[in-house]
Amino acid sequence: MTDTPETPTPGALPLTTLRPVAPAAATRPLVTPISPSVVYCTADADAMDAVYEGSLPPGEAGYTYSREGHPNATALAGRIDAMEGLDPAAGGGTVTGSGMAAVAAVLLGLLEAGDHVVASDQLYGRTARMMTRELPRLGIETTLVDATDGDAVAAAMRPQTRLIVVEVVANPTIRIADMNRIAALAAAHPRALLVVDNTFTTPLGFPAFARGADVVLHSVTKLLAGHSDAMLGWVAARDPVLNTALREAAETWGLTPSPFDCWLAERGLTSFALRHERATANAAALAERLAGARGVVRVLYPGRADHPDHNRAQAVLQGRWGNMVSFVLEGGRAEVNAFLQAARAIPFAPTLGDVSTTLSHPASSSHRALSEEARLALGIPEGFIRMSVGIDDAAAVGEVLAAAAESIAA
Ligand code: PLP
């Protein structure tokens, strides 16, 4: 009797044979491949040790479990590290699942009970909420200050101050923080770190590490990714020890991002410089157009001489005014609604950094939790509109906006 080899049925195969390893190739893809794998295999326990210990040969990356890192996060982080001028000796930035996850990594990774935080009183709403509602539960106190006033920041500092948290350009008032003074205060303090949320300004508008930031973070969701289809953050510290603390906080608290979102953002970044240049030029043109339109009582754009912080903006932004323009319409909610209806060709959406120009109304969205008095104290009346300028045709957008503003004036 001869042995007839049995043909294995596919269902009986070990599943791993249905998951072949990519063959060695003489070519490599031009575009970063998407790596959705959650887990990674190693040849043996020693190889696994080397990955965990970070003792791989130079230039070799190793992964174990995608919450702790994956190739798409590494690729994206590398690009943003380079844009922010992060010294490679710091060990590379961390990509997180959202901008808020980057904020959380800073607070959870760098603070402990008893620490004190000085923060701008015009931070993104959820960041402010994290400080005023979440941090007290962990025994950390925050003092909110007007970051355009260096003396106020100085007065708020305490020996226990560990972080000073600022956004260079405030949302939505487009006020400019006193960055030079604040950086000097952080440098002179024995333990305070300057944390800059560079989302609005971007690395092209404000080279944060070069201007004294110890920690820089982004909502990559916004201008960097640029297409409103990926939710991500990035954070890095110049000091390698702090940088490791940020990365470990992100891994432990599960703040890590999806490979597909990283892939989308990496793709978006390839056009970032072009988009930024075009959006900035469009913003200057639209600010000018709106300033001449009936129905508009005020335009806020740092490049304009009538901006309250124009002189400081020249020192801080050095001509890179950015893509954000705010303006105040005549009247109240009824006029705002009529304006938005008339300008419906421009998306009314509470976000920023999209390829399209978008409009938002802080009184009914980002600042809706504030009392009218508190909102007015920040300079945000009902007629206040924030505009994130995109790469669309500025002349056409300007016509829509001016016609809509003039329709309410009439
Ligand atoms: N920082 C700033 C300045 C923001 O505008 C935002 C969101 O709008 C965030 C942080 C939070 O980012 P994300 O929405 O990606 O969580």
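Colleague: Is phenylalanine 260 buried, partly exposed or exposed?
Modeller: This is a predicted model, and the relative accessibility of phenylalanine 260 comes to 43%. Buried requires under 20%, and exposed requires over 50%. The value falls in between, so phenylalanine 260 counts as partly exposed.

Colleague: Which helix holds both phenylalanine 260 and tryptophan 263?
Modeller: The two residues are 3 residues apart, about one turn of the helix. Residues three or four places apart in an α-helix point the same way, because there are 3.6 residues a turn. Both phenylalanine 260 and tryptophan 263 belong to residues 259-269, helix 9.

Colleague: How many aromatic pairs does the structure hold?
Modeller: A pair of aromatic rings is described by the distance of the centres and the angle of the planes. The number of aromatic pairs in the structure is 3.

Colleague: What kind of aromatic pair do tyrosine 40 and tyrosine 63 form?
Modeller: Their ring centres are 5.4 Å apart, with 45 degrees between the planes. Stacked needs under 30 degrees and edge-to-face needs over 60.

Colleague: How many residues apart are tyrosine 40 and tyrosine 63?
Modeller: Tyrosine 40 sits in the segment before helix 1 (45-53). Tyrosine 63 sits in the loop between helix 1 and helix 2 (71-83). The pair links distant parts of the chain, and the separation is 23 residues.

Colleague: Is tyrosine 63 buried or exposed?
Modeller: Its relative accessible area is 16%. The cut-off is under 20%, so tyrosine 63 is buried.

Colleague: Which buried residues does helix 4 have, and why are they on the same side?
Modeller: Thr127, Ala128, Met130 and Met131 are the buried residues of helix 4 (residues 125-134). They are on the same side because their arc around the axis is only 155 degrees.

Colleague: Is helix 3 roughly parallel or roughly perpendicular to helix 8?
Modeller: The axes of helix 3 and helix 8 (residues 240-252) come within 8 Å and cross at roughly 115 degrees. That angle makes helix 3, relative to helix 8, roughly perpendicular.

Colleague: Which residues of helix 8 does helix 3 meet?
Modeller: The crossing of the two helices is right-handed. Helix 3 contributes Ala105, Val106, Leu108, Gly109 and Leu110. In helix 8 these meet Leu242, Ala245, Leu246 and Ala249.

Terms used
Residues are numbered from 1 along each chain as its sequence is written. This is a predicted model: local features need pLDDT of at least 70, side-chain atom pairs count only at pLDDT 80 or more; totals for chains, interfaces and linings use all residues. Side-chain values use heavy atoms; hydrogens and water are left out. Buried means under 20% relative accessible area, exposed over 50%, partly exposed in between (1.4 Å probe, protein chains only). Helices (H or I, at least four residues) and strands (E, at least two) are DSSP runs, numbered from the N terminus. The arc is that of the directions from the helix axis to the C-beta atoms. Rings of Phe, Tyr and Trp (its six-membered ring) pair if their centres lie within 6.5 Å; planes under 30 degrees apart count as stacked, over 60 as edge-to-face and the rest as tilted. Axes are lines fitted to C-alpha atoms, for helices over the stretch in contact, and angles run from 0 to 180 degrees between N-to-C directions. Angles under 35 degrees count as roughly parallel, over 145 as roughly antiparallel, 65 to 115 as roughly perpendicular and the rest as oblique. A crossing is left-handed if the near helix is turned anticlockwise from the far one by less than a right angle, and right-handed if clockwise. Contact means heavy atoms within 4.5 Å.
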